[in-house]
Amino acid sequence: ADSPSPTAIKPINKGVVHRICAGQVIIDLSSAVKELVENSLDAGATSIEISLKDYGQDFFQVIDNGCGISPSNFKVLALKHHTSKLLDFSDLQSLTTFGFRGEALSSLCALGNLTVETRTKNESVATHLTYDHSGLLVAEKKTARQIGTTVTVKKLFSNLPVRSKEFSRNIRKEYGKLISLLNAYALIAKGVRLVCTNTTGKNAKSVVLKTQGTGSLKDNIITVFGMNIFNCLEPMNIFISDSCKVDGFLSRFGHGSGRNLGDRQFFFVNGRPVDMPKVGKLVNELYKGANSRQYPIAIMNFTVPTRECDVNVTPDKRKIFFSDESSILSALREGLQKIYSPSYAFYPVNKVE
Ligand code: ADP
Ligand code: MG
């Protein structure tokens, strides 16, 4: 074969770069909705409503009662890497917000049609804003709304043919993944009322998730999974180091959640829902010692100093690096072994129903 002839290296067109990168931040329906819910939480909302049309395929919308967006921010709101949450690289060490990369709204613009309605306490009327695919504000009009923000995304992925096809083909799976993700936020977000509804075709709106926004993890578990499931759980609390601990709830022996690996296992770091495959594996392994037919339900929140963990590993921030992962895992193993030992409440001998 002929070797390729040398060609000039040129910069990729800005718009093309934007579309390439946007597809990595917003991978699917659940990552798109996750970004909006996190923005609402960052805005201090106590009520968040997620409304889907045709399981999100036609559009999805997140309505909150948070602080709203100031008119001075309208123009830059959906520009790439524009954020109100991070100024300096060192801020990454002390992050308390879910967002900080300033990419979600700009990516959603690139992948769908974004409109925003918002009002802060300083305005008497709200503003309806329309953005184009490059994140530029193209239309602005006054409208009525309570204080807070509504972000609507129509026709997600319509300009990425493969993703769009994948989206329609897997819509039920995508939707299931979204509900499980919303469950994670419903469990951990204290004092936040979360509602998710879906409308299909001409049918009436159906409520798929509804929490009251109570203040305790226990109450949240009861609203999300029901009393029967809660009754099969035992509170857990493991000391890892002076600045580090894990607390939450785990299944008692004989009361796992069935055969699905990872089903109803939720891990959080400082209240941020994340994937922790190693922790999941550890919990399953130790549980299996006495109950090989089921997997445990696990809801575990790790409290770790922000400077000892790095959430900026992947654009979706689901992966997390710890400065000392091996000590965390070994302390956790020791703690779990104790929990799942015969002398402890998790063991059926001590806790017969
Ligand atoms: P990030 O969350 O990383 O800052 P986003 O693209 O998600 O980036 O959002 C950009 C900015 O828009 C945020 O920093 C915030 O100031 C503002 N914003 C987005 N959604 C909301 C909301 N629901 N309420 C108030 N402000 C919001
Ligand atoms: Mg964000």
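Strand β6 (residues 148-154) has six of its seven residues buried, so the strand is largely enclosed by the rest of the structure. Here a residue is called buried if 20 or more other C-beta atoms lie within 10 Å of its own, exposed if 12 or fewer, and partly exposed in between, with C-beta atoms placed from the backbone. Helices (H or I, at least four residues) and strands (E, at least two) are DSSP runs, numbered from the N terminus. The model is predicted, and local features need pLDDT of at least 70, side-chain atom pairs count only at pLDDT 80 or more, while totals for chains, interfaces and linings use all residues. Residues are numbered from 1 along each chain as its sequence is written, with chains lettered from A and ligands numbered from 1 in the order in which they are written.

So what does β6 pair with? Strand β2 (residues 59-64) is one partner, antiparallel to β6 over six bridges. Strand β3 (residues 113-119) also runs antiparallel to β6, joined to it by seven bridges. Two strands count as paired if DSSP finds at least two bridges between them.

Contact means that the C-beta atoms of two residues, placed from the backbone, lie within 7 Å.

Helix α3 (104-111) is mostly covered, with eight of its eight residues buried. These are A104, L105, S106, S107, L108, C109, A110 and L111. The buried residues of α3 pack against α1, α2, β3, β4 (126-131) and β6.

Next comes the ligand. Ligand 1 is surrounded by 22 residues, and N39, A43, T83, G99 and A104 are the closest. The elements giving two or more residues to this shell are α2 (29-42) and α3 (104-111). A residue belongs near a molecule or strand if its C-beta atom, placed from the backbone, lies within 6 Å of it. By class, the shell around ligand 1 holds seven nonpolar, 10 polar and five charged residues. For this count, Ala, Val, Leu, Ile, Met, Phe, Trp, Tyr, Cys and Pro are nonpolar, Asp, Glu, Lys and Arg are charged, and the others, Gly among them, are polar.

Zooming out, the protein is assigned domain 1 (14-210) and domain 2 (226-339), with domain bounds coming from an automatic or database domain assignment. The C-alpha centres of domain 1 and domain 2 are 28 Å apart. Their contact takes 15 residues from domain 1 and 12 residues from domain 2. On the side of domain 1 that touches domain 2, the elements giving two or more residues are α1 (14-25) and α5 (171-188). Of these, α5 gives the most, with four residues. That side of domain 1 has nine nonpolar, four polar and two charged residues.

A few loop residues are worth a look too. Y55, in the loop between β1 (47-53) and β2, has a phi near 55°, a positive value in a residue other than glycine. Y55 is buried, with 20 other C-beta atoms within 10 Å. K317 is found in the loop between β14 (309-310) and β15 (321-322), and its phi is near 60°, again positive in a residue other than glycine. K317 counts as buried, with 23 C-beta neighbours inside 10 Å. D316 is found in the loop between β14 and β15, but D316 is partly exposed, with 18 other C-beta atoms within 10 Å. Not counting residues up to four places away in sequence, D316 touches I27 and S31.

Finally, V208 is placed in strand β8 (residues 206-210) and counts as partly exposed, with 16 C-beta neighbours inside 10 Å. V208 and C196 are 12 residues apart in sequence and 5.5 Å apart in space, C-alpha to C-alpha. Leaving aside neighbours within four places in sequence, V208 is in contact with I179, C196, T197 and N198.
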